[in-house]
Amino acid sequence: MRVGIDARVLFGPHTGDRTYLLNLLRQFAQMDLPHEFVLFSDRWGNLPFHLPKNFRPILLPKMTRWLYTGILLPRACSACEVDLLHVQYIAPLFAPCPIVTTVHDVHWRRFPETFPTKDRWLMEIFLPLTFHRASAVITDSFASRIDLVQFFRVPQSKVQVVYLAAEERFFVRLPEKERRKVLERYGLTEGYALFVGVIQPRKNLERLLHAFALLRPQVECCPLVIAGKLGWNAERLMRLVGELKLSGCVKFIGYVPDEDLPAIYQGALVFVYPALWEGFGLPVLEAMASGVPVLTSATSSLGEIAENAAVLVDPLSVKSIFEGLRQLLTDESLRANLSQIGLMRARQFSWRKTAEETLRVYESVMRKA
C-alpha cells in the first residue's frame, strides 16, 4: 500500500496537529512496515527522527491553503500513484484515491464564540464536504465522535476513535540540576501551578484567573505560570490579569520549545487545564506522565481521558474551578495520590497503539475500495 500524507503541518507552527502527525510518522518509521509513505508538503526541513527508505518526501509549490488542498494535492496523488490519502480536517473534493481524514474536534459547534468567525464559516462549508468524500474519519475520543455524529450527521460506522498519547520523554525524570537550569531561563522556581496551551478563549483561562483571584485571600499565593503562544483574542486575558490585580502572581512565559517542556512540567506543583471543550487534551496526559497532579474539566474528552486520575471540575463554573484548586493546593496527600495514579493512567496510552490502530483504518479502507 502506498499512503500519501499531507505533511504541511510538520514544518509550520507548533500545534496539536503537528504533534499528532510527527508522532504518528515517527512510529511508522520505527515499525519496519511493508507500506510506502509519500509525504507531501510545500516546505521541508529537518525532522527529529530518521526517515527510512519507504518514506518519500515530495516538495510541492507554495500556494494558498485552498488551492494547495483542492488542486496540488490531488494532482500529486495521481502523479505518485498513491493508494490512499491521509489529511487532517479539510480534504480535496476530488482525488484519485480513497481519503482518510483526522478531525480532532469540532468545538466551535458548542462554543462558537471561542473561534474566529471567518474560520468557523470555512469549516462549516468545507468540513461537511470532507465528511461526504472521506472513506473514514479518525477522531481522538468518543466525546468527539459523538459531536461528529450529532452535529454533522457523519455515519457512526465511518468514525473511528484512535487515542493519542504522551511522548516517552515526558516519563523521564530529569536530573535536578538540568531541570533547574531550564527553569532559570524562564525566571521560574519550582512549585507553581501550570497551564500549557495556545492562549485562546476555548482554553477558559478567564474563568481560571477569576478562580485564582478568589483563591488568593484563602490560600498562600501559588504562582500561575501560563506557557503557550498568544492565540486569537488573547488581549482580553492580558487586561483581565491587571483588572483582577493578579500581575504579581501570574506569569506568561510564551511559547516553550519541545525540548524545554519536560522541565517546565516537572517544575510544577500542579497542572491546571479547565478547557471548555477538547478533542483529546494532550497536555493533560503530558502532565500526568511528568508526575504532576492535574485539575481539568469533567466535560468533553478531558473527563474521558483523565477518568479518576485528576480533580475534575465544571469548566463553566468559577466556583467549581476555585474549589478544585483549593482542594488540590491544600491537600498534600491528594497531590501525592494523583501523581501516582496519573502516571499509571498516562501509561495506558501510547503512540505505538495510535500508529497500529491508524494502520488498521487504512487497511479497512483499502479492503473496501
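Strands S9 and S10 are parallel partners, joined over four bridges. They belong to an open sheet of six strands, ordered S10-S9-S8-S11-S12-S13 and paired in parallel. Please keep in mind that this is a predicted model. Another open sheet has seven strands, again with parallel pairing. A search of the whole structure also turns up 17 salt bridges, and some of them are described below.

**The six-stranded sheet**

- Which way do the side chains of S9 (residues 224-227) point? Leu224 and Ile226 point one way, Val225 and Ala227 point the other way, and all are buried.
- As a general rule, side chains in a regular strand alternate between the two faces of the sheet.
- Helix H9 (residues 282-289) lies across S8, S11 (268-273) and S12 (294-297), and runs at about 160 degrees to S11.

**The seven-stranded sheet**

- The strand order here is S3-S2-S1-S4-S5-S6-S7, in an open sheet with parallel pairing.
- S3 and S7 (159-161) are the edge strands; each has a single partner strand, so one side of each is left without a neighbour in the sheet.
- The twist averages 25 degrees from one strand to the next.
- S5 and S6 (residues 136-139) run parallel and are joined by three bridges, with Thr101 standing opposite Val137 in S6.
- Helix H1 (residues 16-30) lies across S1 (2-6), S2, S3, S4, S5 and S6, at about 145 degrees to S4.
- Helix H2 (residues 65-80) lies across S1, S2, S3 and S4, and runs at about 150 degrees to S2.

**Salt bridges**

- Side chains of opposite charge can pair when their charged atoms come close.
- Asp6 and Arg8 form a salt bridge, with their closest N and O atoms 2.5 Å apart; Asp6 and Arg8 are both buried.
- Arg56 and Glu36 form another, with the closest N and O atoms 3.3 Å apart. Arg56 lies in S3 (residues 55-59) and Glu36 in S2 (residues 36-41), so this pair ties together parts that are 20 residues apart in sequence.
- Are Arg56 and Glu36 buried or partly exposed? Arg56 is partly exposed, with a relative accessible area of 31%, and Glu36 is partly exposed too, at 22%.
- Asp105 and Arg202 meet through their side chains in a salt bridge of 3.5 Å, N to O. Asp105 lies in the loop between S5 and helix H3 (117-133), while Arg202 lies in the loop between S8 (192-196) and helix H6 (205-215), so the pair ties together parts that are 97 residues apart in sequence.
- Both Asp105 and Arg202 are buried, and they belong to a network of salt bridges that also links Lys203 and Glu278.

**A nonpolar surface patch**

- Leu93, Phe94, Ile125 and Leu129 form a nonpolar patch on the surface, and together they have about 400 Å² of accessible area.
- Leu129 is found in helix H3. Its relative accessibility is 37%, so Leu129 counts as partly exposed.

**Backbone angles to check**

- Tyr89 is not a glycine, yet it has a positive phi of about 65 degrees. Tyr89 sits in the loop between S4 (84-88) and S5 (99-102).
- Is Tyr89 buried or exposed? Tyr89 is buried, because its relative accessible area of 10% falls under the 20% cut-off.
- Ser300 likewise has a positive phi without being a glycine, in this case of about 50 degrees. Ser300 is found in helix H10 (residues 300-306) and is buried, with a relative accessible area of 12%.

Definitions and conventions: Residues numbered from 1 in each chain as written. Predicted model: local features only at pLDDT ≥ 70, side-chain atom pairs only at ≥ 80, totals over all residues. Heavy atoms only, no water. Helix = DSSP H or I, 4+ residues; strand = E, 2+ residues; numbered from the N terminus. Buried < 20%, exposed > 50% of the residue type's maximum accessible area, 1.4 Å probe, protein only. Salt bridge = Lys/Arg side-chain N within 4 Å of Asp/Glu carboxyl O. Patch = residues over 30% accessible without salt bridge, like charges linked within 9 Å, V, L, I, M, F, W, Y side chains within 5 Å. Areas by Shrake-Rupley, 256 points an atom, 1.4 Å probe, with all protein chains shown as cover. Pairing = 2+ DSSP bridges. Axes fitted to C-alpha atoms, helices over the stretch in contact; angles between N-to-C directions. Contact = heavy atoms within 4.5 Å.
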